[in-house]
Amino acid sequence: MRSESAGDEPLLPLGGEPADATDPALEGVRPGQPTPGRIGRVGPGADEGLADPGELGRRQRHELWMRRALEIAVTGPADGGAGPAGADAAVEDIPVGAVLYGADGTELAIGRNERELTGDPTAHAEVLALRRAAERLGRWRLDGCTLVVTLEPCTMCAGALVLARVSTVVFGAWEPKTGAVGSLWDVVRDRRLNHRPEVYPGVLANESAALLRAFFR
Ligand SMILES: [Zn+2]
């Protein structure tokens, strides 16, 4: 991903705001709350293509998906994609896992943080999952898809999610130091952007946090 790719996106006219910027439904939105994406947005949400699961069903599915992401977080690179170094290097990578699901619930791609393994500053779990899913689908638009990640995305990954038009983001533990989905910034719900994914934070947050604590111990 090019770091300057945000510049490729059409800018809003100066002084202009998206039509829904004053939508009263967004006024009460606070970081950490599940929120709707763009109000009045028509198009597939994460649940389309599946029978309406209801609130309980949705939570259960998110937890199921998060267990898969947690599993990926602790697996070696052999399961998450080829890397030039051996498995030992992967041990040093902070355990963060991501899975991208299609609108029908199909697992499209996975990613594990491989920054140390590959020496690539952009090799975060989310970016790798987005790249692999786009490659598999043959397109960069991932609307209708849900990205599930064990840790609150950083600014780079939050930006990439918006650029990929991902419909829903589900994350585990909060990352108060660098999080960009409600902690330090709220990139994905910035009302100046015309694409805003739905956000479901804190899914199996304790499991994800425990994994990270064990790593840093
Ligand atoms: Zn990131």
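Helices (H or I, at least four residues) and strands (E, at least two) are DSSP runs, numbered from the N terminus.

**Entry 1: getting my bearings**

With that in hand, I read the elements of the chain from the N terminus as α-α-α-α-β-β-α-α-β-α-β-β-α. That comes to eight helices and five strands. I noted that residues are numbered from 1 along each chain as its sequence is written. This is a predicted model, where local features need pLDDT of at least 70, side-chain atom pairs count only at pLDDT 80 or more, and totals for chains, interfaces and linings use all residues.

I looked up pLDDT, the predictor's confidence in each residue, from 0 to 100. The chain averages 79, and 68% of the residues score at least 70. Over residues 1-30 the pLDDT is below 50, and this stretch has 22 contacts in the model beyond near neighbours in sequence. (Two residues are in contact if their C-beta atoms, placed from the backbone, lie within 7 Å.) Residues 79-87 also stay under 50, with 15 contacts beyond four places in sequence. My reminder to myself: where pLDDT is low, the predicted coordinates should not be read in detail.

**Entry 2: the listed site**

Which residues does UniProt list for "binding site"? The unreviewed entry gives His124, Cys154 and Cys157. They span 34 residues in sequence, yet no two of their C-alpha atoms are more than 9.2 Å apart, so they gather at one spot. UniProt positions are given in the numbering used here, feature names are shortened, and annotations may be inferred rather than shown by experiment.

I found His124 in the loop between α5 (115-118) and α6 (125-137). Is His124 buried or exposed? His124 is buried, because 25 other C-beta atoms lie within 10 Å. The rule I used: buried means 20 or more other C-beta atoms within 10 Å of a residue's own, exposed means 12 or fewer, and partly exposed is in between, with C-beta atoms placed from the backbone. Not counting residues up to four places away in sequence, His124 touches Asn113, Arg115, Cys154, Met156 and Cys157.

Cys157 sits in helix α7 (residues 155-163). Cys157 counts as buried because it has 30 C-beta neighbours inside 10 Å.

For "active site", the unreviewed UniProt entry lists Glu126, which I located in helix α6. Glu126 is buried too, with 29 other C-beta atoms within 10 Å. Beyond four places in sequence, its contacts include Ala98, Gly111, Leu147 and Cys157.

**Entry 3: a hairpin**

Next I followed strand β1 (residues 97-101), which pairs with β2 in the antiparallel sense over five bridges. (Two strands pair if DSSP finds at least two bridges between them.) Val99 has Ile110 in β2 as its bridge partner. The two strands form a hairpin with five residues between them, and Gly105 in the turn has a positive phi of about 90°. Strand β2 (residues 107-112) is mostly covered, as five of its six residues are buried.

**Entry 4: the core**

How many residues does the largest nonpolar core have? I found 49, and those with the most contacts inside it include Val99, Ala129 and Leu147. (A nonpolar core is a set of buried Ala, Val, Leu, Ile, Met, Phe, Trp, Tyr and Cys residues joined through C-beta atoms within 7 Å.) Among the elements that each supply at least two residues of this core are β1, β2, α6 and α7. Leaving aside neighbours within four places in sequence, Ala129 is in contact with residues including Val99, Ile110 and Leu147.
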